[in-house]
Amino acid sequence: MRTKPLSVCVVVSLAVLTIAGFTDLSAQSANSSTPGDPSAPPVAPVKVVTEDYYGTKVADPYRYMEDLKAPEVQAWFKAQNDYTRAVLARIPGRTALLARIKELDEGAPAVIGYVHILPGDRVFYTKRLASEEVTRLYVREGWNGTEKLLLDPTKFETAGGPHYSISYVIPSLDGHYVAVGVAEGGSEAAVLRVVDTATGRETGDAIDRTWFASPSWLPDGRSFVYNRLQKLGPKSAPTDRELNSRVYLHVIGTDPEKDPMVFGGGLPGVQIEAADLPFVATIPDSPYAIGVINHGVTNEVTLYVAPLKSLTGSSVPWKEFCDVDDDVTGFDVHGDDLYLQSHKNASRYKVLHTHLSNPDVAGAEVAIPPGEAVVRNISAASDGLYIQDLDGGLGRLLRLPYAGGKAEQISLPFDGSINIASTDQRLPGAVIWLASWVNAGGLYSYDPSSKQLSGTKLQPAGPFDKPADVESLEVKVKSYDGTEVPLSIVRKKGVVLDGSHPTRLEGYGAYGITLDPYFDPTVLAWLEHGGIYAIAHVRGGGEFGEDWHLAAKQLTKPNTWKDFIVCAQYLIDQKYTSPSRLAIEGGSAGGHHHWPVDHRASGLVCSGHRRRAHVGCGTRGIYTQWTSQHSRVWHGQDAGGIQGSL
């Protein structure tokens, strides 16, 4: 699917992994420590800065920590690290556990990432060997062809310098060149480089400020359009970096500073805010280009259309045909046929069909009507439109023939999650990833002529890919208002439910994002120690479509952690675990769970050292309201200083 090429949200990452059941950390002192004493967590001084947000006074006790170069802040972080290392070193059996995790993690010979196949069976992909730290870019002719290394990002490293990694990979339509984003030190600050597939050498093109480039190649095979961030002036604030980005046209071998702008603010007919992100998509065998505007963390996009040939002309006559109110979150194209993924009056989404030559979203034909399954993705091939569904927590793959008729469901080798990895409007079929909580699965290719789904073997199998003694269960837990919340439980077969098992409960619940089944061999180390791994599919995510997302957004956000709390209580009531052995886990916006669980249900999970912070996304005034109701820091309950965190 050609959807939002990027979703950007600057948040504070929250991750908690308390080693419940392995050792009791509750006895660790919460008092301040003396310098150099790692036996107690360091305490950060409180220096209150008060501001007024929409009539609400907000006292920030730790504003000074934004200056990461301040000696006081650096000393606190170092003390945090020293304390954390000291606590971890005292955990009995940690060395052996770490060795087992490493063995499981390196079981498979390699891990495949990005995959795209072009006409002529040319396959581009990224791969990281078990012994390597970063992925490399490769190409081969056919699934069983000889592998050729195209780009090794470690070549940019210098002694004592940062490492480099690949951020994105987009081959030209003929496969002669490939645009690669290479970022320094694990950052998003990618530099766009171009590699000649035949020689494996770089062309010399290097374009900075291409963090979110999303390059899209033109039919000539020597030029592409890409997003570039603005160049900051001497008085610009660092936060201005992502404002007023624009789309430019680059021809290989030319000076990128002279690239003409083709889409973005300042062009006639284009309405865009400074914080929006513009992109342009070109489509194989289509005479049109599509302009895409992403509006921050909002999933709905604004779309424009223009003749493809106008991108190389003196002006581009962009015409808007879809705005945020149309509730379109993704699209793809086959010739003049435009397919749109929309939740307009369809919480679980529908697929619309119109024509790029005269797009009419309001009068579009309903190609896939809304149903019980959630439409997650659409992707166009030469033979039909492939649809990725989520049905009761399980992935489904459908094919809608262009000639007409109903969509047909494609048989999968096992139940789990699917992701469409690659389609091409010039090739029949689709390439998909398939996995489950207890099966690593792999990369499969679908042939519509034989109606067969076969393994590509590009992803090598590992010895721990399908453990026979592990099972997963899907249950539903009633929340405080009667809503049934899905809960996935991964456990050893035959586990005795006696409340003794250390349990990790993970959740997210934001932006309509789902926590789909995936296989992580390192989880086996947890299960081997009697552990339980559970995933709460709380409101705010997209497991049941847009209504599920909106049921925990802004003023209804408390439903996210209320759902999370009842899932935790279920695990205790069903004797999987007990409060002293239950740990909660969440990253990025998933960290929202931790404040209220700590504040409202502190006896429900084991005590430990948790990181507490605020996420600054969304509508600021509304966000301020619910944050003020649920934040411990806001209410002064951490007035003694930020405690240490693992």
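Six of the seven residues of strand S10 (residues 190–196) are buried, so this strand is largely enclosed by the rest of the structure. Strands (E, at least two residues) and helices (H or I, at least four residues) are DSSP runs, numbered from the N terminus. The structure is a predicted model, in which local features need pLDDT of at least 70 and side-chain atom pairs count only at pLDDT 80 or more, whereas totals for chains, interfaces and linings use all residues. Residues are numbered from 1 along each chain as its sequence is written, and side-chain values use heavy atoms, with hydrogens and water left out.

Strand S10 pairs with strand S9 (residues 177–184) in the antiparallel sense, over seven bridges; two strands are said to pair if DSSP finds at least two bridges between them. Within this pairing, Val 194 of S10 is the bridge partner of Ala 179. S9 and S10 form a hairpin with five residues between them, and Gly 185 in the turn has a positive phi of about 60°. Strand S10 also pairs with strand S11 (residues 202–207), again in the antiparallel sense, over three bridges. Here Arg 193 stands opposite Ala 206 in S11. S10 and S11 likewise form a hairpin with five residues between them, and the turn contains Gly 200, which has a positive phi of about 75°.

An open sheet is formed by four strands in the order S4-S5-S6-S7, with antiparallel pairing. Strand S4 (110–118) and strand S7 (148–151) stand at the edges and have a single partner strand each, so one side of each is left without a neighbour in the sheet. From one strand to the next, the twist averages 30°; for such angles, axes are lines fitted to C-alpha atoms, for helices over the stretch in contact, and angles run from 0 to 180 degrees between N-to-C directions. Strand S6 (residues 136–141) is joined to S7 by three bridges, and the two run antiparallel. Tyr 138 stands opposite Leu 149 in S7.

Another open sheet of four strands has the order S16-S17-S18-S19, and its pairing is antiparallel. Its edge strands, S16 (277–282) and S19 (319–322), each pair on one side only. Neighbouring strands of this sheet are turned by 30° against each other on average, direction ignored. Three bridges connect strand S18 (residues 298–307) with S19, and these strands run antiparallel. Cys 322 in S19 is the bridge partner of Leu 303.

Notes
Buried means under 20% relative accessible area, exposed over 50%, partly exposed in between (1.4 Å probe, protein chains only).
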